[in-house]
Amino acid sequence: MAEGTPNSSALRGYQAATAQYSDQKPGCTTGKCPHYKDDTGNLLTLYNDGSTNAEGSDGAFHDMVTAIKGAKYVIFVVDWSFHPLFIPVRSGKPKVEDSIGAILLRAARDNPELVVGIHTWDHTSTGAHDPANDEGEAILKQIARESKGIDFEKLYGNRFVWRASSRDTSNSMYESVRKGLQGDGLGVLSGALAGVGRARSAVWSVLQDHLGWSHHQKFVVCDVDVGPGQKRELKVFFGGLDFTKGRFDWKEHHVSSRPPTPPVVASLQTPWELSSETQQEQKYQSNEWYNPEFADKLSMPRQPWHDVQAALQGPSAWKFIQEFVGRWTRNSSRLYSSGIQPGFEQSPPKAFPSPPVPLSTSLSSDTDPIWKHYVKMRRRWVKQLVQPDEPVRPPRGPWRTTVCRSIKKSHWAVVSRAHADLAKDFEMQADYEMSIQSAYLSAIESAQHFIYIETQYFVGSSERWFEKSKHFKNDIPGKIVETIIRRFTADKKTSFHAYIVLPMLPEGRPTGGLRFQWDSAARLAATSDTQSTRRLLWKTIEYMVVTLDRELKKIDPSLKWKDCLSFYFLANWTKKNRNAWVKSGWSSVSAEELERRQQEVQKLQKQLGAARQRQHQLFLDLQKSTEPFRSSDHARYAGLTLEQLDGINKSLEEVKAEHNKLVRRADELDRRAMAHAEDWSKLYTKLKAKGEVLPATVSDWRNQVLGDIALEKSRIINALQEQQREYLRQQARHPGLSRAALQQHHQKFEEARKRTQGIRAEQLKLVGEMDRLETSIRDILVEIEKLIKSMRDGERNRETRVREHERYMVYVHSKLMIVDDTQLLLGSANLNERSLAGNRDTEIVCWLRPSSSEDTKSCMEKIRGFRMNQLWEEHFGGLKALPAKSEEPHSRECVNAVREKGDANYFGFRSMSAAPVGHLCRWPFTIVGNRLDLQHEREDGSKPPPFPESANLIPDAGSEDEPWKWSVPGVSIEGMTADKSG
């Protein structure tokens, strides 16, 4: 049968994918299967961009506003960023009452049974400040003051609720970080963030689950009227659009700078009570002007915004009600978990604030208006609203829909026993769900003819890269490569093509803003999220291109990778070449020169570090060498000479000899006295026996002798006492050691003195060397500062070029995949790890395909009509400019035509030699030396017109320095999380 009919191979492909995906029953524990069951009978509307015209009188935003204004019972808004003053529909000078905040407030005021819930991501939880979003409550209150008849205090917290939720739901992050840091203090955390050793691995596992990831879902669900006399049903709008700055755009994607639409603040009647930062932002976000690279300078061209949105009516819309309620009641927020009312008066939280009050883990509170409304809808609204279990009419749409998610169980509701009959709505077995990735893999694997992708980020299959990494495991790129190879292996004459449309550059400054910092290796390094993200994309594309080129040649040497795979970006420009290129003023700084000066600093700092280490060691050596001088031995022995020691010893000996002589004399006198006493005693006894009396003269003589002896004895005793005192004086002078021991002490003191003198001399010399090194480093840093200033001048030169040339990328924000015009995946998820892993960003995607074989034709016509008559009509500049055989995008004729038109736009954009025909530009990738490179000539080998800048630089580059080149070498991918979402 002819290709493109309902019975073609494309039909068999999506049926096989559906069967395979359906085998993954809800309730499984792998996380790969969806929480929600498939629904059939849905109606689908597809939108290209936010509007079809500059006024917003038709298109996605217009239809969302229309549905909101017509709602009677429920309006749930979920956004990554929600700016209440965003103007979705323009009608002349913008006024506060035209803002989405005013529209929602009036809807709640005018419908007494209506509940309005707004759930956005709390950007302050990771420091990604978005003041108009994070101060949403204060802005809504201000809008109510400006509007007539809106009692904000009566509505808010009752039938009108707003919440900004962070990624964490309880104390788990705080407790995990606290335990991870216990014993090491904040130094471990600092080390982890700097990528230092053990600390990095110890804390990274905690931080990756709590910091940096976002709630990224985007949808609006409300009840709508489906006709007179019929019961109302639910309608959900989903895709890439938020009610926030820059999203309003239409197919022309104007890039030229022009006077912007007057800001809403110009129409205020009451004092503006928001922070100055928020007030400043309102000047730009209330109209379509937006360009984050140039910090919202109105003199610069705007950044056009391309997005895809859809509306779904039918059973699957109920899933979005469940999604809102499940996340609302479980997620933490400043409003319900911390006790702090959100608003501009609150200062931003610290990096690690105090743990919030734990949330309830069950949906048992009958005071929460969202939960009350949900119970009411599930149990009592059968008469007013279509219910998933009790439909009031047969399904009337052709679409089978699977609502897929990336979400952690900790961000999902747990139903209490009081509402056990509703538990099935919120059952979740696995720790997280990653059914979005599973759906993409199944759809890609089923592709028979072509895959068409538009995505903001495209990073994955990092374990297949030539420089392998474990951080980006989603295998979307690898599955595309496998599918292409499998198709050509089965039939080398088959036709198959994968189109991938990406932003020209990640959003923001192409060089990352030249933010320089000193890292732990004392190296001056530039940090750049945009460069890192671009490098991850380059590695992904390089793997795909080089692998396809190698494997296809094995099948058939004539096969070329470019016939199976191509990459595109969108751009616009308003001026053709007027021989007025802005080429002067480029920075003369080369990457090599800056690197050379940095290496000199590194070398000198290494020498300075070594000198400081030596200085520290000398200090320790000096402390050790001077220890003898601080000892008690030094105080006792340092001033004592050998001669003095000899004199002291001699004096002691002399005192001892004289003392002994006196002692002997005293002993002799004692003996004489004793002898006299004995003699007189005998004489006295003898005379007494004779009766005689001792003559007086003899008695006097005796007394005289004894007196003389006693007197001499007394003199000797006095002399002995004096000698004892002299001995003690001499002994006090004696060190208590021998002459040889004193000589050893003197030798030790002399050696210590010589060592100390040597150390101090080396210290003095080292101080001079360190002064020289520090002076040299300061001088080089001054030179580096001048080089950086020159490079920053290059950034200013880029502003001049962009402003004069009026050419800029159209930023691709859509998250879309079409397979064989029979399957469509659309939602909030990008094709990168954080959107697809399941345990990172919170995402939601619808996988749409025909409900049955009878519905295939109408569904295929719907998808093909959208692809050709809206997407490609815009990308190629009109229906008449569509490529040949656009209805068969896999055909060789269509592939070649798209390539030719993409090349013409690319070289026209680069050289400004021709007006744009649409916006689609082909990335001129080629393979050089088995690595990815850019081809700077046409496919036929002819030279293109000259460019204002070198071909390897981004358009309107500010200098020839490395950061301005398309490819940025030397950016480490280990541990990187730069594939950010928005």
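## Overall composition

Of the 982 residues in the protein chain, 54% count as buried, where buried means under 20% relative accessible area, exposed means over 50%, and partly exposed lies in between (1.4 Å probe, protein chains only). This is a predicted model, in which local features need pLDDT of at least 70 and side-chain atom pairs count only at pLDDT 80 or more, while totals for chains, interfaces and linings use all residues. Residues are numbered from 1 along each chain as its sequence is written, and side-chain values use heavy atoms, with hydrogens and water left out.

The protein chain contains 23 helices and 22 strands; these are DSSP runs numbered from the N terminus, with helices (H or I) of at least four residues and strands (E) of at least two. Contact denotes heavy atoms within 4.5 Å. Among contacts in the protein chain between residues at least 6 apart in sequence, 79% join residues at least 24 apart.

## Helix H5

Helix H5 (residues 136-146) is largely enclosed by the rest of the structure, because nine of its 11 residues are buried. The buried residues of H5 include Gly136, Ala138, Ile139, Leu140, Ile143 and Ala144. Glu137, Gln142 and Glu146 are also among the buried residues of H5.

## Leu766 in helix H20

Leu766 is located in helix H20 (residues 739-805). With a relative accessible area of 14%, Leu766 is buried. Apart from residues up to four places away in sequence, Leu766 touches Ala611, Arg614, Gln615 and Leu618. Leu618 is 148 residues from Leu766 along the chain, and their C-alpha atoms are separated by 9.9 Å.

## Packing of H22 and H23

How do the axes of helix H22 (residues 856-876) and helix H23 (residues 892-911) cross, and at roughly what angle? The two axes come within 11 Å and cross at roughly 45°, which makes H22 oblique to H23. Axes are lines fitted to C-alpha atoms, for helices over the stretch in contact, and angles run from 0 to 180 degrees between N-to-C directions. Angles under 35 degrees count as roughly parallel, over 145 as roughly antiparallel, 65 to 115 as roughly perpendicular, and the rest as oblique. In H22, Trp872, His875 and Phe876 meet Cys894, Val898, Lys901 and Asn905 of H23. By class, this contact of H22 with H23 has four nonpolar, two polar and one charged residues; Ala, Val, Leu, Ile, Met, Phe, Trp, Tyr, Cys and Pro count as nonpolar, Asp, Glu, Lys and Arg as charged, and the others, Gly among them, as polar.

H23 is mostly covered, with 14 of its 20 residues buried. The end C-alpha atoms of H23 are 28 Å apart, in agreement with the 28 Å that its 20 residues should span at 1.5 Å a residue; the expected span is 1.5 Å times one less than the number of residues.

## Cysteines

A search of the whole structure finds zero disulfides, a disulfide being a pair of cysteine sulfur atoms within 2.5 Å. Cys564 is buried, with a relative accessible area of 1%, and Cys894 is buried at 0%.

## Positive phi values

Just after H23, Met912 takes a positive phi of about 55°. Asn930, in the loop between strand S21 (925-928) and strand S22 (931-934), has a positive phi of about 65° although it is not a glycine.

Asp956 lies in the segment after S22. Its phi is near 60°, a positive value in a residue other than glycine. Asp956 counts as buried, at 1% relative accessibility.
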